[in-house]
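Walk through this model with me.

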Amino acid sequence: MERDKQLRKQAEEAIDTYREQVESDRYRLNYHLMPPVGLLNDPNGFVYFKGRYHLFYQWNPFQTTHGAKFWGHYSSADLIEWEHHEIALAPSDWFDKNGCYSGSAIEHDGKLYLFYTGNVKNKHGERESYQVMAVSEDGFTFEKQGVVLEVPEQYTAHFRDPKVWKHENMFYMVIGAQSKQQTGLAVLFCSKDLKNWEHLGPIAGAHMKPLADFGYMWECPDVITLNGKDVLILSPQGLEPEGILYNNLYQAGYFVGTLDYQKPLFEHEQFVELDRGFEFYAPQTTLDSKGRRLMFGWLGLPEEREEHHPTIQAHWIHAMTLPRELTLVGDKLYQRPVEELKTLRQEEFRYENVILTTDEQSFEGIEGESLEVFLTCSSQPKGDMIIQIRQHAQVIYHSESKLLTLKRVSFVDNQTIEERHCRVEGLENLRIYLDSSSLELFVNDGAEVFTARIYPNAHEKTISFSADWDVPVSISAWTLS
Ligand code: FRU
């Protein structure tokens, strides 16, 4: 208890010490969730409970590097106005002393249960992992209940990120794991009471059919059902780049298939990346009271040049993506910004049936750092289009190759141009959410998404459009509060 109080106090002090510096940073985002100080990574425990959305997050309040994580806590009635709360979990016990790692939340009998991984470095410097449960009556203060699961002997200590859900009359938990041969796995457990968990076995893995060699570790698995199909979302580590695929250090994506809870086995198709941009990892979903499958992702990536983000000079790093609604169309996951985001809209600017030219053209009102831009093509264009954003990013569509490209100025040297690509079947529309230092691009109603941090100078506000085709486009934009 003492240790818990002490850690919480130290975290509060860190917030106070750096508040001014953090808040005066010009890269603070205007409508995305961020840590009040320090480092934020994965979304955790995303749940709708007693009339509010709760979103917890991996948090190191003391440094802008990874360390013994806390669970920070935000909640909201509408996904727009978020309140920051007292710390939900602090790494204060023997079973989580080196971090209350990622996990999930579930409501049961009017109470909120959290499941997370207690990360421990033992006295030999070796990793130990424990799956831990905590409970809350009100959704704001949590009592740890201790370890509910230890690592079964067939896995290494890379065994974490429990996601719990209910199916028929049983609770299930999927865990991101590593086999003794150092291959990634998603492992299933079941329980009648949330306390006693039975090991059912791996449901999918880097060396299980139809895969041959698909990474040394699978982090943050999530099993959901959409349109009668099961989807396993995960963040595999150890994939090699293949052309325009897997170009980031780590990936986040999904398999569509069918989960046989009895066998247990998840029969699935090929892996599809959830994001085509630069910073996106460890997404987590929940089902809300309206029946929507909502997702937050970490707008960041572990170990990927993190020390170069300019925000660390102001004692903070990383953010959450916007909340997105998932739907399954055929075997493809679509991500759309939740409709509540429309309430952020302030002034509207609309330009109908514009013929773009090869000269860069800007439009009154379509500029600045907090902006939603929506562009539609009246028919299939032949040629190229470039949207130039604040001298720091370019969205390019090349109709011949059907490649959609996002280029940005690297935050490492503020000079090198980096690019990511995705093939799209024609261009129908683009929706861009710009915040002071982030960009989320939704292509063709969310069939593809590119997420990235960008760090333009404050005076670079211009957005311009050019194209060498004669298909009219319509452009709408809204300033966002
Ligand atoms: C993913 C991850 C998880 C782990 C957490 C620690 O980014 O590595 O596997 O639980 O972050 O912060």
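How far does a polar side-chain atom of Asp 42 lie from an oxygen atom of the ligand? The distance is 2.8 Å. This is a predicted model, in which local features need pLDDT of at least 70, side-chain atom pairs count only at pLDDT 80 or more, and totals for chains, interfaces and linings use all residues. Residues are numbered from 1 along each chain as its sequence is written, and side-chain values use heavy atoms, with hydrogens and water left out.

Stay with the ligand. Gln 58 places a polar side-chain atom 2.7 Å from a ligand oxygen atom. For Arg 160, the corresponding distance is 2.8 Å. Taken alone, the ligand exposes 320 Å², and the protein buries 91% of that. Those areas come from the Shrake-Rupley method with a 1.4 Å probe; for residues, only the protein chains shown count as cover. The residues around the ligand include Asn 41, Lys 69, Tyr 101, Ser 102, Asp 161, Glu 219, Tyr 281 and Trp 298. A residue is near a molecule or strand if one of its heavy atoms lies within 4 Å of it. Strand 1 (38–49), strand 5 (100–108) and strand 9 each supply at least two residues of this shell. Strands here are DSSP runs (E, at least two residues), numbered from the N terminus; helices are runs of H or I with at least four.

An open sheet of four strands runs in the order 9-10-11-12, with antiparallel pairing. Strand 9 (155–167) and strand 12 (198–205) are the edges; each has a single partner strand, so one side of each lacks a neighbour in the sheet. From one strand to the next, the twist averages 25 degrees. Axes are lines fitted to C-alpha atoms (for helices, over the stretch in contact), and angles run from 0 to 180 degrees between N-to-C directions. Strands of a sheet pair through backbone hydrogen bonds, either parallel or antiparallel. Two strands pair if DSSP finds at least two bridges between them. Strand 11 (residues 184–191) and strand 12 are antiparallel and joined by six bridges.

Now pick out Ala 177. It sits in strand 10 (residues 170–179). Why does Ala 177 count as buried? Its relative accessibility is 0%; buried means under 20% relative accessible area, exposed over 50%, and partly exposed in between (1.4 Å probe, protein chains only). Beyond its neighbours within four places in sequence, Ala 177 is in contact with residues including Tyr 155, His 158, Phe 159, Leu 185 and Trp 218. Contact means heavy atoms within 4.5 Å. For scale, 44 Å separates the C-alpha atoms of Ala 177 and Gly 368, which are 191 residues apart along the chain.

Four strands lie in the order 18-19-21-22, paired antiparallel. Strand 18 and strand 22 (332–337) stand at its edges, each with a single partner strand, so one side of each is left without a neighbour in the sheet. The twist averages 35 degrees from one strand to the next. Five bridges link strand 18 with strand 19 (residues 293–298) in the antiparallel sense. Among the pairs, Thr 286 has Leu 294 as its bridge partner in strand 19.

Arg 276 lies between strand 17 (272–273) and strand 18 (281–287). Arg 276 is buried, with a relative accessible area of 12%. Its side chain makes a polar contact of 2.8 Å with that of Glu 448. A polar contact is a pair of N or O atoms within 3.5 Å; within protein, one must be able to donate a hydrogen and the other to accept it, and residues adjacent in sequence count only if both atoms are side-chain atoms.

Thr 451 belongs to strand 31 (residues 448–453). Thr 451 is buried, at 0% relative accessibility. A polar contact of 2.9 Å joins its side chain to that of Arg 324.

Finish at strand 32 (residues 463–467). Five of its five residues are buried, so strand 32 is largely enclosed by the rest of the structure. Ile 463, Phe 465 and Ala 467 cover one side, and Ser 464 and Ser 466 the other. Strand 25 (residues 384–389) pairs with strand 32 over five antiparallel bridges. There, Ile 389 has Ile 463 as its bridge partner.
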